[in-house]
Amino acid sequence: MTDFRETLRGIVAMLLCCLFFLVNDTIVKAVADDLPVGEVLFIRSLIATAVVFVAVWRMGLLPSVLPQTSRFVVTRSICEGFATVVYLSGLVHLPIANASAISQGAPLAITAAGALVLGEFVGWRRWMSVVVGFCGILIIVRPGPDGFNSWALLPLLSVAFVTVRELSTRFIAPATNSAVVTLVTQVMVTVACGLLSATEVWQAMTAMQFGLIVVAGLSCIFGVQFSIDAMRHGDISLVAQFRYSTIPFAIVLGWIIWGDVPDMLTLVGIAVVVGSGIYIFYRERVRHQTLASRAEPGV
């Protein structure tokens, strides 16, 4: 059974990861209202990569970057690059609450993948919750002629990349320094964003816009670092559920900044997705309590 303190560390890291990524998403969406999204992402990624490079250099880890760059580090980094480009490209054209809610299909997919790939125990109740949760995603996306926005497919596609990313993180050797993983990840993200920006016509930006992009880059660094830490500690199928903390904050920010208010059907879908995640967390806690009671002497 996974040590509770390790799981708690993973949960705290996941909460911080969600906070910093939401700050990044909000800034990118706001700035990309006036600038090409590829330009914004490429500059943000360059800033983030430069900061991480300096940090790794000052830590004396540069000579160990290549030796520690295993195939799992590379796979994780490539998936991060694709996930970043497709998700944020869709976010620019969607309400932030909708995009954030769709991306919450990742914990559901990770729960299933944790069982199928990592051999983590997932009972029939949690499997049903995964199915119900994906039905909630379909309610939000609404694949049909009425209410369907094709840009919603991009956050949905990012779910697949995020799932492979998190599973790859789990296979990274414990001795691998997280700062090294972050640097390699940022390089791959920069390459992916650079390819996207090459298809656009760049525009001049203001000092305010550049300053916001710098903040987004720093937030992205912290988000990646805490994401790595979260997936390396505790039960992956439990820790992943705390990504749902993003949704209420995204709804509030979307209303304050853009005046976006989710319609009733979207709120129903969000409630189904969040409810599925909460139930999965509840079943996981029951399982841990049952295993703990069986392990007590005399039981």
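The questions and answers below concern a few residues and helices of a predicted model.

Student: Why is Asn-98 called buried?

Tutor: Buried means under 20% relative accessible area. Asn-98 has 15% relative accessibility, so Asn-98 counts as buried. Asn-98 belongs to helix 5, residues 96-103.

Student: Which residues is Asn-98 in contact with, leaving aside its neighbours within four places in sequence?

Tutor: They are Ile-140 and Thr-266.

Student: Why is Leu-19 called partly exposed?

Tutor: Buried stops under 20%, exposed starts over 50%, and partly exposed is in between. The relative accessible area of Leu-19 is 49%, so Leu-19 is partly exposed. Leu-19 sits in helix 1.

Student: Which residues make up the nonpolar patch on the surface?

Tutor: Leu-19 is one of them, along with Phe-4, Leu-8, Val-12, Leu-16, Val-23 and Val-215. Together they have about 580 Å² of accessible area. Helix 1, residues 4-31, gives the most to this patch, with six residues.

Student: How do you know that the length of helix 9 agrees with its number of residues?

Tutor: The expected span is 1.5 Å times one less than the number of residues. For the 20 residues of helix 9, residues 178-197, that gives 28 Å, and the end C-alpha atoms are 28 Å apart, so the two agree.

Student: What makes helix 9 largely enclosed by the rest of the structure?

Tutor: Of its 20 residues, 16 are buried, so helix 9 is largely enclosed.

Student: What makes Asn-177 a cap of helix 9?

Tutor: A side-chain oxygen of Asn-177 lies 2.8 Å from the backbone nitrogen of Ala-179, and the cut-off for a polar contact is within 3.5 Å. Asn-177 caps the N-terminal end of helix 9.

Key:
Residues numbered from 1 in each chain as written. Predicted model: local features only at pLDDT ≥ 70, side-chain atom pairs only at ≥ 80, totals over all residues. Heavy atoms only, no water. Helix = DSSP H or I, 4+ residues; strand = E, 2+ residues; numbered from the N terminus. Buried < 20%, exposed > 50% of the residue type's maximum accessible area, 1.4 Å probe, protein only. Contact = heavy atoms within 4.5 Å. Patch = residues over 30% accessible without salt bridge, like charges linked within 9 Å, V, L, I, M, F, W, Y side chains within 5 Å. Areas by Shrake-Rupley, 256 points an atom, 1.4 Å probe, with all protein chains shown as cover. Salt bridge = Lys/Arg side-chain N within 4 Å of Asp/Glu carboxyl O. Polar contact = N/O pair within 3.5 Å; in protein donor to acceptor, adjacent residues only side chain to side chain.
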